[in-house]
Amino acid sequence: MPHFRLRCSLCDRLYSFDTRAWRCTCGAPLDVEVLLQGFTLDFEKLRARENTLWRYRELLPIREQNSIVSLGEGFTPIMVREISGTKVVYKLDFLNPTGSFKDRGASVLISHLNEIGIKEIVEDSSGNAGAAIAAYSKAAGIKCRVFVPAEAPFGKVLQIIVYGAEIIRVPGSRENVNKAALEAAQKSYYAGHLWNPFFIEGLKTISFEVYEQTRGVPDAAILPVGSGGLLLGVHKGFKELREMRLAEKIPRIFGVQTYGFAQAYERLHNKKVKKAEEAILADGIAVPNPPRIDQIVRAVKETGGDIILVSNEEIIEGFKDLASLGLFVEPTSATAQAALNKLIKEKVFERGSTIFVPLTGIGLKATDKIGKYILK
């Protein structure tokens with residue numbers, strides 16, 4: 001059976017799973033390492049299991065079954081379409097319980113906190129992660145406070161409130177929100193999804209599902225990049241499949257950012273990007289200074305991928321393309337379609353390639369922005 005350990009991503013210091021530390025003393029993020037020890041998934045036996053991400057129970061770092069906090073997340077459907085000679089596998093992750101892919105990370109993170117006896121947490125979020133963590137905290141009986149930007153979408157803030165979490169609106173930048181949450185967390189536990197490695201453990205399950213549902217590994221994956229958790233989770237999931245000798249390759253990883261928040265692009269290409277003056281449409285990836293930026297860039301380089309920048313105009317076109325397929329997503333989700341359109345136009349993919357595109361959030365969470373910027 002696999003074993004797990006908690007290790008600093010920079011200095012290699014090991015931590016106990018019971019630690020309340022959310023980052024290393026050296027300041028770097030922590031990672032959960034999976035020591036497979038010859039273990040492999042038997043997908044034939046998996047058919048008899050529940051259709052949630054917990055079907056991959058052995059590869060998730062929760063020690064006791066009764067610690068698991070689940071709302072039925074994961075194993076979302078796929079929709080396959082041919083676009084300009086490529087096979088595009090859309091993963092409808094906006095059909096998770098709270099309407100976004102963040103439920104994957106919240107389920108594993110809150111299960112871990114439940115297991116180590118945490119009773120009160122603080123999170124900072126532009127909306128989706130806050131809603132997910134609020135919902136799973138409620139299910140676990142953990143008191144939750146969520147710090148959000150003062151201009152966070154009403155639908156997402158409403159969700160957080162309905163799930164019973166205390167909401168704290170913070171004026172100014174997203175960075176101000178993070179600082180306020182960290183200050184409050186000195187008397188609580190900081191469950192920030194930007195840092196917490198158990199959140200990424202939940203996100204990696206999307207790779208297992210794509211492998212199981214398509215019976216293979218896509219040639220490329222196109223992923224919105226805010227904190228980078230989804231990108232790192234997808235990369236980690238396919239790496240584990242390869243280590244189990246179930247996959248021979250890892251998809252080329254293409255991250256997507258906007259001109260206003262292009263830190264990973266700048267780091268990868270070693271050049272500055274002029275910030276656009278347009279309003280922030282894709283608020284879900286408006287994350288300044290992602291703490292795992294070095295890991296994001298490394299994953300992109302290792303797989304021969306890239307970071308793609310998209311404008312509001314391109315996001316709107318991506319949103320409309322998805323709507324024509326009957327898919328109603330939030331603008332942040334539409335960034336992946338916008339990047340797909342650019343990559344196809346630039347003939348980056350060979351004909352017959354399979355491209356994985358997760359659709360991360362439902363449009364009902366962002367009707368205010370959709371009405372204001374898209375349905376002009």
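Visitor: How many cavities of 30 Å³ or more does the structure hold?

Guide: Happy to take you through them. Please keep in mind that this is a predicted model, in which local features need pLDDT of at least 70, side-chain atom pairs count only at pLDDT 80 or more, and totals for chains, interfaces and linings use all residues. Residues are numbered from 1 along each chain as its sequence is written, and side-chain values use heavy atoms, with hydrogens and water left out.

The structure holds 2 cavities of 30 Å³ or more. A cavity here is a set of points, on a 1 Å grid over the protein atoms alone, where a 1.4 Å probe fits but cannot get out; lining residues have an atom within 4 Å of a point. A volume is the space filled by probe spheres set on the points, with grid points joined across faces, edges and corners.

Let us begin with the largest cavity, whose volume is about 300 Å³. Its lining has 27 residues, and Phe101, Lys102, Gly226, Ser227 and Gly284 are the ones nearest its centre. Helices are DSSP runs of H or I with at least four residues, strands are runs of E with at least two, and both are numbered from the N terminus. At least two lining residues come from each of α3 (128-140), α6 (197-203) and α8 (229-243). By class, the lining of the largest cavity has 11 nonpolar, 11 polar and 5 charged residues. Nonpolar covers Ala, Val, Leu, Ile, Met, Phe, Trp, Tyr, Cys and Pro, charged covers Asp, Glu, Lys and Arg, and the others, Gly among them, count as polar.

The second largest cavity has a volume of about 60 Å³. Among the residues that line it are Leu6, Trp22, His112, Tyr189 and Phe198. This lining divides into 7 nonpolar, 3 polar and no charged residues.

Leu6 leads us to a piece of sheet: its bridge partner in β2 is Tyr15. β1 and β2 pair in the antiparallel sense over 2 bridges, and strands count as paired if DSSP finds at least two bridges between them. The open sheet has 3 strands in the order β2-β1-β3, with antiparallel pairing. Its edge strands are β2 (14-15) and β3, each of which pairs on one side only.

Now for the open spaces. A pocket is an open set of points with protein on both sides within 12 Å along at least five of seven lines. The largest pocket has a volume of about 530 Å³. It is lined by 23 residues, and those closest to its centre are Asp31, His235, Lys236, Lys239 and Gln295. β1 (3-8), β3 (30-35), α6, α8 and α10 (293-303) each supply at least two residues of this lining, and α8 gives the most, with 6 residues. The lining of the largest pocket holds 8 nonpolar, 3 polar and 12 charged residues.

The second largest pocket has a volume of about 410 Å³. Glu151, Ala152, Ile280, Asp283 and Lys369 lie nearest its centre, out of 19 lining residues. Helix α13 (residues 367-374) makes the largest contribution to this lining, with 4 residues. In this second largest pocket, the lining divides into 10 nonpolar, 3 polar and 6 charged residues.
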